[in-house]
Amino acid sequence: MLLVLGTMLLVGFVQAAARPIQLHPVNPHYFLYHGDSLVLISSAEHYGAVLNPDFDCLKYLDTLAEDGMNYTRIFTGSYFEKPGAFGIEKNTLAPAPGKALTPWPRSDGPGNLGGGNKFDLDHWNPGYFSRLKAFISAAAARGIIVEVTLFSSIYSDSNWEVNPLNHVNNVNNTDQIDRLKVHTLENGNLLGYQQQLVSKIVKELNFFENVFFEVQNEPYADLKEIALILKRYDSESKENWVKRVDLAPSESLVWQKMVVSLIKDEEERLPKKHLIAQNYCNFKYPLQRIDPRVSILNFHYAWPDAVSWNYGYGKLIGFDESGFSGNG
C-alpha cells in the first residue's frame with residue numbers, strides 16, 4: 001500500500017512538473033516551473049532574436065545561460081523597427097532592409113517600403129515558424145523561459161511605414177487606417193489577420209512548457225498615455241496618480257480582452273495551458289481593474305510602488321523593460 005501510494009505521488013509530481021510555467025500555488029508572486037520555485041531575471045536583447053535572421057540565436061542563449069540568466073522576451077514579427085529607430089545601437093528589432101522574418105511569407109510582388117517583396121498575409125511562412133520553435137526549444141534546453149509578445153504599439157509613422165499590416169507592404173488589400181487604430185476593434189480587415197496570427201502562434205507553441213504569452217507591448221504608447229513615457233512623477237501619492245492618468249481607454253482594453261479570449265479559447269482545445277501577461281504602464285500605477293484571466297502584471301521602468309500598490313491582486317508583477325533607463 002505504501003509502495004502504491006508512493007508511486008501515485010511520484011506520478012502526480014511528474015505530471016505537475018511537466019506543466020508549462022505557472023504561478024506558484026502557495027505564493028503567486030513567484031513562478032513554479034518543473035517542480036521548482038522560480039523568479040525570472042535577464043539582460044536581454046531588444047526582442048528581435050527570432051525575426052532578425054542575421055542574429056546568432058544560439059550564441060545569445062548560450063551567453064544568457066553562462067551568466068545565470070533564465071528569461072528572454074521576443075516579438076513575433078507583427079511589429080519591427082527601421083534601423084536607427086529610437087537611437088538604439090545594433091538594434092536586433094531592426095533587421096537589415098528586406099531581411100525581416102515574419103509569420104507571413106514574401107510574395108512575388110515588389111514594393112515593400114521595408115525592402116524586399118510585399119508580404120502575403122493569407123499564407124504562413126514555414127521558415128519563420130521553424131526558427132521560432134528552434135529558438136524556444138534551444139531556450140528550454142538551457143533552462144530559459146521565453147515571453148512571447150504577440151503585438152506591439154507602433155510608436156511612429158516611420159515604424160508603421162515598414163509594418164507588414166500596412167496596406168503598402170502586403171498584397172492583401174488591408175484597409176488604410178490610422179496607425180493609432182491598429183490595436184483597436186476599429187481597424188477594418190486587419191482584425192481578422194490579427195486573430196489568425198494569435199491562433200496560429202498559440203497552436204504552434206502549445207507543446208512548449210518554457211513559454212508564456214504577452215498580449216501587447218506598451219499599448220499605452222499609441223494612446224494618450226504617452227505622457228507616462230515622457231515624464232516621471234516621482235513623489236505622487238497613490239490618489240493623485242489615479243487622478244492624473246486614465247490608464248485604460250476602452251478602445252484599447254476591449255481589443256486586448258479579445259486577444260486574451262482568443263488565447264484562452266484556442267487552448268481550451270489544446271493539451272497545455274499557458275500564462276498570459278498584460279503590460280499596463282511605465283513606472284507605477286494602482287490598477288483599478290484587471291482581466292482575471294491575466295496572471296502577470298507587467299510594468300516597464302517599474303518603481304517599487306508598482307508592486308506595493310498592486311500586491312493584493314495575488315498575481316506575478318513583472319519589471320519587464322529597463323533599457324532606456326541606462327546600464328546603471
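Predicted model: local features only at pLDDT ≥ 70, side-chain atom pairs only at ≥ 80, totals over all residues.
Aromatic contacts are considered first. The structure contains 12 aromatic pairs. In one of them, the ring centres of F31 and F212 are 6.2 Å apart and the ring planes meet at 25°; because planes under 30 degrees apart count as stacked, the pair is assigned to the stacked class. The two residues come from distant parts of the chain, 181 residues apart, with F31 in strand β2 (residues 31–33) and F212 in strand β6 (residues 211–217). Both partners fall under the 20% limit for burial: F31 is buried at a relative accessible area of 4%, and F212 is buried at 3%. Elsewhere, a single aromatic cluster is formed by Y47, F75, Y79, F86, Y155 and F324.

Two lysines are placed over aromatic rings. K200 lies over the face of F129, at 5.1 Å from the ring centre. The charged end of K272 is positioned over the ring of F207, 5.0 Å from its centre. K272 belongs to the loop between α8 and β7 (276–282). With a relative accessibility of 19%, K272 counts as buried, since the limit for that class is under 20%. When residues up to four places away in sequence are not counted, K272 touches A18, P20, N206, F207, F208, E209 and E267.

The whole structure has 17 salt bridges. One of these joins the side chains of R142 and D62, with an N to O distance of 2.6 Å. This pair links distant parts of the chain, 80 residues apart: R142 is in the loop between α3 (126–141) and β5 (145–152), whereas D62 is in helix α2 (residues 57–66). Both residues are partly exposed, R142 with a relative accessible area of 27% and D62 with one of 32%.

A salt bridge also connects R73 and E214, whose closest N and O atoms are 2.5 Å apart. Here strand β4 (residues 71–75), which holds R73, is linked to strand β6, which holds E214, across a separation of 141 residues. R73 and E214 are both buried. In the salt bridge between E251 and K181, the closest N and O atoms are 3.2 Å apart. E251 is in helix α8 (residues 250–268) and K181 is in the loop between α4 (157–161) and α5 (190–204), so that distant parts of the chain, 70 residues apart, are linked. E251 is partly exposed, with a relative accessible area of 30%, and K181 is likewise partly exposed, at 27%. Salt bridges with shared partners join R73, E147, E214, D320 and E321 into one network.

Helix α2, which contains D62, has the buried residues C57, Y60, L61 and L64. These residues cover an arc of only 95° around the axis and therefore lie on the same side of α2. An α-helix has 3.6 residues a turn, so residues three or four places apart point the same way. The exposed residues K59 and E66 are carried on the face of α2 turned away from the buried side. Among the elements that cover the buried residues of α2 are β4 and α3. β4 is also the strand in which R73 is found. G68 follows α2 and has a positive phi, near 80°.

The largest nonpolar core has 70 residues, of which F135, I136, V148, L150, F213 and V259 touch the most other members. For I136, with neighbours within four places in sequence left aside, the contacts are V146, V148, L205, F208, N210 and V211. Another core of 12 residues lies apart from the largest one; I21, L38, Y71 and I145 are among its members.

Conventions: Residues numbered from 1 in each chain as written. Heavy atoms only, no water. Phe/Tyr/Trp six-rings, centres within 6.5 Å; stacked < 30°, edge-to-face > 60°. Helix = DSSP H or I, 4+ residues; strand = E, 2+ residues; numbered from the N terminus. Buried < 20%, exposed > 50% of the residue type's maximum accessible area, 1.4 Å probe, protein only. Lys NZ or Arg CZ within 6 Å of the ring centre and 35° of its normal. Salt bridge = Lys/Arg side-chain N within 4 Å of Asp/Glu carboxyl O. Arc of directions from axis to C-beta. Contact = heavy atoms within 4.5 Å. Core = buried A, V, L, I, M, F, W, Y, C linked by side-chain atoms within 4.5 Å.
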